[in-house]
Amino acid sequence: MPNVRIYPDTTHQTRLTLQAQEFREAYALTQSPSVQVRSRQRNLITEEFKEFLEAEAALYLTSSKVKQDCLKELADLVYVCYQYAVNM
């Protein structure tokens with residue numbers, strides 16, 4: 001069984017906020033307005049945006065997997081953008 005984290009509904013933080021904190025921990029990104037941290041976060045956004053554009057360009061192919069790939073990359077982009085915003 002995969003390690004599933006349970007998020008209490010009574011917290012003042014949203015699940016996305018907690019997930020953003022976990023993301024920063026996993027990538028060793030501190031909660032900091034420093035240029036170095038912001039640059040690493042911005043690079044992640046750029047990388048995910050490029051991956052989304054590649055998946056979107058292939059969207060018009062007949063494979064249903066292409067649509068799934070596009071949605072996955074779009075979700076990744078939203079996720080890294082959210083964690084960037086939480087750090088502000």
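Let me begin with a definition: a residue is called buried under 20% relative accessible area, exposed over 50%, and partly exposed in between, using a 1.4 Å probe and protein chains only. The structure under discussion is a predicted model, in which local features need pLDDT of at least 70 and side-chain atom pairs count only at pLDDT 80 or more, while totals for chains, interfaces and linings use all residues. Residues are numbered from 1 along each chain as its sequence is written, and side-chain values use heavy atoms, with hydrogens and water left out.

I turn to the overall architecture. The protein has 3 helices and 0 strands, and its elements run α-α-α from the N terminus on. Helices (H or I, at least four residues) and strands (E, at least two) are DSSP runs, numbered from the N terminus. Of the 88 residues in the protein, 26% are buried.

Next, the interior. A nonpolar core is a set of buried Ala, Val, Leu, Ile, Met, Phe, Trp, Tyr and Cys residues joined through side-chain atoms within 4.5 Å. The largest such core has 6 residues: Phe23, Leu29, Leu44, Ile45, Leu77 and Val80. At least two residues of this core come from each of helix H2 (35–57) and helix H3 (64–87). In soluble globular proteins, nonpolar side chains tend to be buried together.

For contacts, the criterion is heavy atoms within 4.5 Å. Setting aside residues up to four places away in sequence, Leu77 touches Ile45, Glu48 and Phe49.

Which residues does Val66 touch beyond four places in sequence? They are Ala55, Ala58, Leu59 and Leu61. Val66 belongs to helix H3, and it counts as buried because its relative accessibility is 12%. Between Val66 and Ala55 the C-alpha to C-alpha distance is 6.8 Å, with 11 residues separating them in sequence.

A charged residue also deserves attention. Arg38, in helix H2, is buried yet has no salt bridge, and the nearest side chain of opposite charge, Glu25, is 16 Å away. Here Lys and Arg count as positive and Asp and Glu as negative, with His and the chain ends not counted. A salt bridge requires a side-chain nitrogen of Lys or Arg within 4 Å of a carboxyl oxygen of Asp or Glu. Apart from neighbours within four places in sequence, Arg38 is in contact with Ser32, Pro33, Tyr84, Asn87 and Met88.

Finally, Val78 also lies in helix H3. Is Val78 buried or exposed? With 53% relative accessibility, Val78 counts as exposed.
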